[in-house]
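Take a look at the sequence and the structure below. Then read on for a short tour.

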Amino acid sequence: MRLIVFFDLPTGTKEERKAATAFRNFLIKDGYYMIQFSVYGRLCNGNDHVEKHCARVRQNAPEYGSVRMLTVTEKQYASIRIIAGAKSPREKPAKFIQTAFILD
């Protein structure tokens, strides 16, 4: 699953710019990658992982502005149509390897 965070934060004052920068830095340190300006995403291993990161975003979101989150499956994310530009290497669909264990 992918958790995508969209945000539009005010930057009119020094304090607002500081809050917006702190939020963006939090996302990067928490494992998010930039999809495009003000849109960040990260891979999550199931609903529990999604809920954990949703709570972390809520705790770190600035007081003012707009922050939204969307969860999509890998299949849904892979169906993104790019009109201009290209996917970054971090956006490539995740490949999960299933291993079988043979017990004697």
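This report covers the sheet, the helices and the charged side chains.

## About the model

This is a predicted model: local features need pLDDT of at least 70, side-chain atom pairs count only at pLDDT 80 or more, and totals for chains, interfaces and linings use all residues. Residues are numbered from 1 along each chain as its sequence is written, and side-chain values use heavy atoms, with hydrogens and water left out.

## The sheet

Four strands build an open sheet, and their order is β2-β3-β1-β4. The pairing is antiparallel. Strands here are DSSP runs of E with at least two residues, helices are runs of H or I with at least four, and both are numbered from the N terminus. Two strands pair if DSSP finds at least two bridges between them.

β2 and β4 (66-72) stand at the edges with a single partner strand each, so one side of each has no neighbour in the sheet. On average, neighbouring strands are turned by 30° against each other, direction ignored. β1 and β4 are joined by seven bridges. Isoleucine 4 stands opposite leucine 70 in β4.

## The helices

α1 lies across β1, β3 and β4. Its direction is at about 170° to β1. α2 also lies across β1, β3 and β4, running at about 175° to β4. Contact means heavy atoms within 4.5 Å. Axes are lines fitted to C-alpha atoms, for helices over the stretch in contact, and angles run from 0 to 180 degrees between N-to-C directions.

## Two salt bridges

The structure holds two salt bridges. Each needs a side-chain nitrogen of Lys or Arg within 4 Å of a carboxyl oxygen of Asp or Glu.

Glutamate 74 pairs with arginine 2, with the closest N and O atoms 2.8 Å apart. Glutamate 74 lies in helix α3 (residues 74-78) and arginine 2 in strand β1 (residues 2-8), so the pair ties together parts 72 residues apart in sequence. Arginine 2 counts as buried, at 0% relative accessibility. Buried means under 20% relative accessible area, exposed over 50%, and partly exposed in between (1.4 Å probe, protein chains only).

Aspartate 30 pairs with arginine 56, with the closest N and O atoms 2.6 Å apart. Aspartate 30 sits in the loop between α1 (14-29) and β2 (33-36), and arginine 56 in helix α2 (residues 47-60).

## A charge without a bridge

Arginine 42 is found in strand β3 (residues 39-43). Arginine 42 is buried yet has no salt bridge. The nearest side chain of opposite charge, aspartate 30, is 4.2 Å away. Lys and Arg count as positive, Asp and Glu as negative; His and the chain ends are not counted.
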